[in-house]
Amino acid sequence: YGTTHSNPGYEASRNSSSKTQCTNYIYFKVFVLFLGPRPTTLSRGCAMVRHRAVLFVCLASVAANMYLLSRLKKPYDCAVPKRLGDVTLVMSTLVPVPTTQPVQGKQLASELVVFVGGCPRSGTTLARAMLDAHPDIRCGEETRILPRILSMASKMTQSSLEQRRLESGGVSEELLDRAIAAFMSEIIVGHGIPSKYLCNKDPLLLQHMKHIARMFPKAKFLLMIRDGRAVAHSIVSRNITISGVDSRNYLNAALFWNKVAQSMSEDCNNLPERCLIVFYEKLVSDPSTQMKEVLRFLDIPWHDNVLRHHEMIGLEVSLSKMEPSTNQVKKPVNTESLDTWRTIIPPAILERIWEECDMLKELGYPKDITKDITNSQPVT
């Protein structure tokens, strides 16, 4: 598979046989691994362990290649890189050639990108579905990969040793930022349909708000805030899996909310022109007023579709079956989940949550569970 072809018709000419050739090559690798000669001296001890380790790595490589080949869209051509979604896939066993499609990575740095986030179970899916219903806005499902990439980059740059290693290898902070911004842009652009305005909703992505603001100078942020007691009840009652959180413990879940809310609201308040706090309780109680405020903040014209997102599912709004909130956002905006926690969480635990979660007071939530939360005045 060693020749690079620039002729556009070349790929079409090999449609019928190229996948077979690629697959046959992989079968050949398996044949060599299993039936090829094995050193007889590697019979025990460390030598045998090394031999098995190498064999395992080779088999894992073959399995990965076969899986990736099964995902390639027709036509199959071992001489031309393919695309999974809109991300170019270049396998080590294939010969790469320049793609004819432009890389999208550098475009979003100079454009408005909306990032929706907050503590999980705070209404982030509802907010993005309402934005998605707008004909000029596309958010799409959670990517899940973006928070992981930024977390990895954060850990590396926070370590002085890793920073020195990066710098000694010629990887400056500016270069790393450009690369991460290009990767994020490609994912945001490529995982959904084109639109005038693009947004992303990965709840915990806003833990990296300062970093994102640096990489995307025109980005704006919507921080969803919900009563920590309601968040804790939602996490426990629905057994939501969150790293480091005990989904069976109301207090543990509430403390997680407190930590996330404190960090994100602090970053949001430090970017007053670029970050807006949206309270879940107000959004579901008065969606029209809240969405008008959101669109004014984003400087995007109003459209009535944002108030009937449930009617736009499958049209403007795309939902993932893997996201816990999908079934809930299929309904019209409602207050069903607003105060269920009040009669479910034991009073003794509610008292401890109030004592240990300072952000409830900071954000203006009342201690008295009989008080109407929507009439309180949360700090904005």
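Reader: What covers the buried residues of H5?
Author: The cover includes helix H7 (173–190), strand S5 (197–201) and helix H8 (209–215). Contact means heavy atoms within 4.5 Å. Helices (H or I, at least four residues) and strands (E, at least two) are DSSP runs, numbered from the N terminus.

Reader: What kind of model is this?
Author: The model is predicted: local features need pLDDT of at least 70, side-chain atom pairs count only at pLDDT 80 or more, and totals for chains, interfaces and linings use all residues. Residues are numbered from 1 along each chain as its sequence is written, and side-chain values use heavy atoms, with hydrogens and water left out.

Reader: Back to H5. Which residues are buried?
Author: Leu146, Pro147, Ile149, Leu150, Ala153 and Ser154. Seen down the axis of H5, they fall within an arc of 160 degrees, so they line one face of the helix. The arc is taken from the directions from the helix axis to the C-beta atoms. Buried means under 20% relative accessible area, exposed over 50%, partly exposed in between (1.4 Å probe, protein chains only).

Reader: New topic. How many cavities of 30 Å³ or more?
Author: Three. A cavity is a set of points on a 1 Å grid, over the protein atoms alone, where a 1.4 Å probe fits but cannot get out. Points are joined across faces, edges and corners, and a volume is the space filled by probe spheres set on them.

Reader: What volume does the largest have, and what lines it?
Author: The largest cavity is about 40 Å³. Its lining is Ala127, Leu131, Leu222, Met224, Val278, Leu283, Met291 and Val294; a lining residue has an atom within 4 Å of a point. Helix H4 (124–132), strand S6 (220–225) and helix H12 (287–298) each give two or more residues to it.

Reader: Ser325: buried or exposed?
Author: Ser325 counts as buried, because its relative accessibility is 13%. Ser325 lies in the loop between H12 and helix H13 (326–329). Leaving aside neighbours within four places in sequence, Ser325 is in contact with Arg121 and Thr125.

Reader: How many helices and strands overall?
Author: The protein has 16 helices and seven strands. Buried residues make up 45% of its 380 residues.

Key:
On a 1 Å grid over the protein atoms alone, a cavity is a set of points where a 1.4 Å probe fits but cannot get out, and a pocket is an open set with protein on both sides within 12 Å along at least five of seven lines; lining residues have an atom within 4 Å of a point.
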